[in-house]
Amino acid sequence: MKIIKVCHETLTQSQIRKIKKNLDKNFDYDNIKKKYEELKFFLKFKKITEEDFINRVKELNETIKNYNLVNNTNLDLLEESKP
């Protein structure tokens with residue numbers, strides 16, 4: 001039963017390629033950096049709180065981390081501290 005469970009939970013190569021393809025298709029590093037600059041602008045003019053800024057940047061960084069893991073890349077993460 002344990003072997004069957006492991007086999008059932010393991011992704012096939014085609015499933016991995018499909019996930020990778022979808023991630024590549026939906027990932028736009030330039031757009032993420034643009035969103036980051038917008039967040040910095042909003043923070044500067046107090047349209048969002050520092051806590052909200054940090055949370056949103058963490059979400060953007062998670063997206064970058066996932067992309068880096070899947071594609072074996074090393075894109076820079078965004079600065080989470082107050083600019």
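**Note on the predicted model**

1. Most residues other than glycine have a negative phi. With a relative accessible area of 70%, Lys46 is exposed, because that value is over 50%.

2. A second residue with a backbone angle of this kind is Asn72, which has a positive phi of about 55° although it is not a glycine. Asn72 is placed in the segment after α4, and its relative accessible area of 73% makes it exposed.

3. This is a predicted model, and its confidence should be kept in mind when the details below are read. The mean pLDDT of the protein chain is 88, and 98% of its residues reach 70 or more. Confidence is lowest in helix α1 (residues 2-9), where the mean is 74, and highest in helix α3 (residues 29-44), where it is 96. Where pLDDT is low, the predicted coordinates should not be read in detail.

4. For the packing of helices, the pair to examine is α3 with helix α4 (residues 50-71), whose axes come within 10 Å and cross at roughly 175°. Because an angle over 145 degrees counts as roughly antiparallel, α3 is roughly antiparallel to α4. On the side of α3 the contact is made by Tyr29, Ile32, Lys35, Tyr36, Leu39, Lys40 and Leu43, and on the side of α4 by Glu50, Phe53, Arg56, Val57, Leu60, Thr63 and Ile64. By residue class, this contact of α3 with α4 divides into 9 nonpolar, 1 polar and 4 charged residues.

5. Two C-alpha separations between these helices can be checked directly in the coordinates. Lys40, which is found in helix α3, and Glu50 are 10 residues apart along the chain, and their C-alpha atoms are separated by 9.6 Å; Lys40 is partly exposed, with a relative accessible area of 25%.

6. Asn61, in helix α4, is buried, with a relative accessible area of 2%, and Asn61 touches Leu77, Leu78 and Glu80, not counting residues up to four places away in sequence. Asn71, also in helix α4, is buried as well, with a relative accessible area of 17%. Leaving out residues up to four places away in sequence, Asn71 touches Lys20, Leu23 and Asp24.

7. As for the aromatic side chains, a search of the whole structure finds 5 aromatic pairs. One of these is formed by Phe27 and Tyr29, which are stacked at 6.3 Å centre to centre, with 20° between the planes. Phe27 counts as buried at 13% relative accessibility, and Tyr29 counts as buried at 19%. Phe27 and Tyr29 form one aromatic cluster together with Tyr67, and Tyr29 is also among the residues through which α3 makes its contact with α4.

Note on methods:
Residues numbered from 1 in each chain as written. Predicted model: local features only at pLDDT ≥ 70, side-chain atom pairs only at ≥ 80, totals over all residues. Heavy atoms only, no water. pLDDT = per-residue confidence, 0-100. Helix = DSSP H or I, 4+ residues; strand = E, 2+ residues; numbered from the N terminus. Axes fitted to C-alpha atoms, helices over the stretch in contact; angles between N-to-C directions. Parallel < 35°, antiparallel > 145°, perpendicular 65-115°, else oblique. Contact = heavy atoms within 4.5 Å. Nonpolar A, V, L, I, M, F, W, Y, C, P; charged D, E, K, R; others polar. Buried < 20%, exposed > 50% of the residue type's maximum accessible area, 1.4 Å probe, protein only. Phe/Tyr/Trp six-rings, centres within 6.5 Å; stacked < 30°, edge-to-face > 60°.
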